[in-house]
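Please read the following walk through the model with the sequence and the coordinates open side by side.

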There are 2 protein chains.
Amino acid sequence: MSVSIHPIMGLPMFRPGDDLAEALASRIAPQDGDVLVVAQKVVSKVEGRLVRLDSVTASAEADDLAAQTGKPAALCELILSESAEVMRVRKDLVIVRHRLGLVAANAGIDASNVGEADTVLLWPVDPDASAARLRVALEARFGVKLAVIVGDSLGRAWRVGTLGTAIGVSGMKPLRDRRGESDLFGRTLQATVTGVADEIAAAASLVIGEGDEGTPAAIVRGAVYDRDESARLADLVRPPHEDLFR
Amino acid sequence: MSVSIHPIMGLPMFRPGDDLAEALASRIAPQDGDVLVVAQKVVSKVEGRLVRLDSVTASAEADDLAAQTGKPAALCELILSESAEVMRVRKDLVIVRHRLGLVAANAGIDASNVGEADTVLLWPVDPDASAARLRVALEARFGVKLAVIVGDSLGRAWRVGTLGTAIGVSGMKPLRDRRGESDLFGRTLQATVTGVADEIAAAASLVIGEGDEGTPAAIVRGAVYDRDESARLADLVRPPHEDLFR
């Protein structure tokens with residue numbers, strides 16, 4: 001079966017308080033099993049996660065991080081407030097474990113496509129909950145079962161370039177566990193757990209624009225995943241005690 | 001523009017020496033710009049990269065690695081022979097920098113879908129060259145310009161589950177560098193380099209089977225990338241001196 005990825009065109013500029021589900025609903029005709037992938041940026045915007053840097057008071061710890069990285073102290077304060085643990089610090093680089101458990105540079109805080117100078121955008125407070133609200137609203141509207149992924153472009157430990165990656169999920173298991181199934185030769189698959197939510201987020205990233213395309217969402221049709229209305233993205237995150245790098 | 005991902009159905013079981021390009025050609029109708037993603041497994045098989053474990057003599061270093069990991073000493077010998085550097089060792093886990101520069105568990109050596117007991121499969125000697133041979137053969141056959149990715153399912157540093165990932169590429173830049181372009185508000189994008197070859201490999205992985213589906217290849221249509229006939233996958237690999245974890 002083929003998989004197709006359809007950008008959702010013609011969405012407006014979003015502002016805090018806008019009804020994202022309603023804006024999406026008027027531009028899609030979803031089918032059972034479709035996965036809606038929405039860029040974190042628009043989810044954060046409608047949820048009011050914009051912060052003006054000049055409204056932030058930097059702590060001594062933030063001043064210290066600013067000195068090590070060359071980043072503004074107010075941004076460092078926000079990074080620290082969003083983080084459970086600072087993992088790596090270098091000139092121009094801060095990698096943290098976000099309070100959600102996910103590992104990301106700058107705690108996922110972003111300044112592009114925000115639309116106001118000296119304003120940055122934090123991740124949603126609970127991206128799984130954001131995805132669930134969209135899923136429930138759109139399922140009710142269209143009478144179909146959907147999955148929703150909140151996606152962002154994240155860096156990798158060993159590779160250059162970002163990859164579209166899930167930071168929140170609803171309606172699907174983020175992992176597809178195929179251990180116990182057979183391979184072509186009847187040999188039991190040993191270690192085949194696929195990060196299917198991340199594969200779908202990466203696929204959607206092929207049509208979700210980072211620049212001036214204005215296409216912050218996509219429908220992925222035909223992907224195989226396990227439906228689960230209570231699964232959370234944390235199922236896919238390597239817990240700190242299994243961290244490979246400490 | 002939409003992106004579609006089409007599994008290539010009906011491919012035979014491959015054996016060393018088989019003509020992979022010919023087998024693919026009889027089952028596809030590629031268009032200009034299409035990306036062919038082929039699972040490493042079939043590329044390695046036709047290139048004869050099968051090794052019987054009982055043909056391998058383990059060194060003292062391999063015996064030591066076997067004791068630390070619980071893996072067979074012969075497998076450890078092969079992992080070491082494929083590696084430039086051992087990065088992390090634990091019970092049941094070896095992460096290395098492959099001699100190609102890529103970081104992978106077990107140096108990418110795999111035992112599933114190999115079809116013979118106690119036989120494992122190494123990565124192609126030069127996956128970029130494997131991709132280039134397929135690209136040149138199929139471009140000549142069909143009179144179109146293509147890109148080819150050799151993909152494998154690799155683990156990640158901070159997340160559970162594998163992700164379809166490029167280990168060889170031909171005909172495209174593996175990175176899409178958008179720095180200097182504008183965002184929706186005219187602000188210059190600062191850090192937008194996308195690992196587009198990996199996003200395409202992840203997308204293809206949604207239809208490429210790990211188990212008994214027998215669909216080791218896919219055509220990805222509609223993805224935006226920069227054509228480059230001399231680009232190499234190493235362009236996408238973080239060099240050792242920029243390693244975030246030493």
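The accessible surface of chain A comes to about 9600 Å², and carbon and sulfur atoms account for 50% of that area. Accessible areas come from the Shrake-Rupley method with a 1.4 Å probe, and for residues only the protein chains shown count as cover. The model is predicted, so local features need pLDDT of at least 70 and side-chain atom pairs count only at pLDDT 80 or more, while totals for chains, interfaces and linings use all residues. Residues are numbered from 1 along each chain as its sequence is written, chains are lettered from A and ligands numbered from 1 in the order in which they are written, and side-chain values use heavy atoms, with hydrogens and water left out.

Chain A has 246 residues, of which 59% are buried (under 20% relative accessible area, with exposed meaning over 50% and partly exposed in between; 1.4 Å probe, protein chains only). Its secondary structure consists of six helices and 13 strands (DSSP runs numbered from the N terminus: helices are H or I with at least four residues, strands E with at least two). Of the contacts in chain A between residues at least 6 apart in sequence, 60% join residues at least 24 apart; contact means heavy atoms within 4.5 Å.

Two packed helices are described by the angle between their axes and the distance between the axes. In chain A, helix 3 (residues 60–69) and helix 4 (residues 73–81) have axes that come within 8 Å and cross at roughly 115° (axes are lines fitted to C-alpha atoms, for helices over the stretch in contact, and angles run from 0 to 180 degrees between N-to-C directions). From helix 3 of chain A, Glu61(A), Ala62(A), Asp63(A), Leu65(A), Ala66(A) and Thr69(A) meet Ala73(A), Cys76(A), Glu77(A) and Leu80(A) of helix 4.

In chain B, the axes of helix 3 (residues 60–69) and helix 4 (residues 73–81) come within 8 Å and cross at roughly 115°. How much of helix 4 of chain B is buried? Seven of its nine residues are, so helix 4 of chain B is largely enclosed by the rest of the structure. The buried residues are Ala74(B), Leu75(B), Cys76(B), Glu77(B), Leu78(B), Ile79(B) and Leu80(B). Their cover includes helix 3, strand 3 (50–52), strand 4 (83–90), strand 5 (93–98) and strand 7 (119–121) of chain B.

Strand 5 of chain B also holds His98(B), which counts as buried at 0% relative accessibility. The side chains of His98(B) and Glu82(B) make a polar contact of 3.1 Å (a pair of N or O atoms within 3.5 Å; within protein, one must be able to donate a hydrogen and the other to accept it, and residues adjacent in sequence count only if both atoms are side-chain atoms). Beyond four places in sequence, His98(B) is in contact with Glu82(B), Ser83(B), Ala84(B), Ala107(B) and Trp123(B).

Back in chain A, Ser170(A) sits in strand 9 (residues 163–172) and is buried, at 2% relative accessibility. Its side chain is joined to that of Arg135(A) by a polar contact of 2.7 Å. Other residues that Ser170(A) touches include Asp128(A), Leu146(A) and Val148(A).

Val237(A) lies in the segment after strand 13 (227–228) of chain A and is buried, with a relative accessible area of 11%. Val237(A) touches Arg97(A), Gly101(A) and Leu102(A), and also Trp158(B), Arg159(B) and Val160(B), not counting residues up to four places away in sequence. Val237(A) and Leu102(A) are 135 residues apart in sequence and 6.3 Å apart in space, C-alpha to C-alpha.
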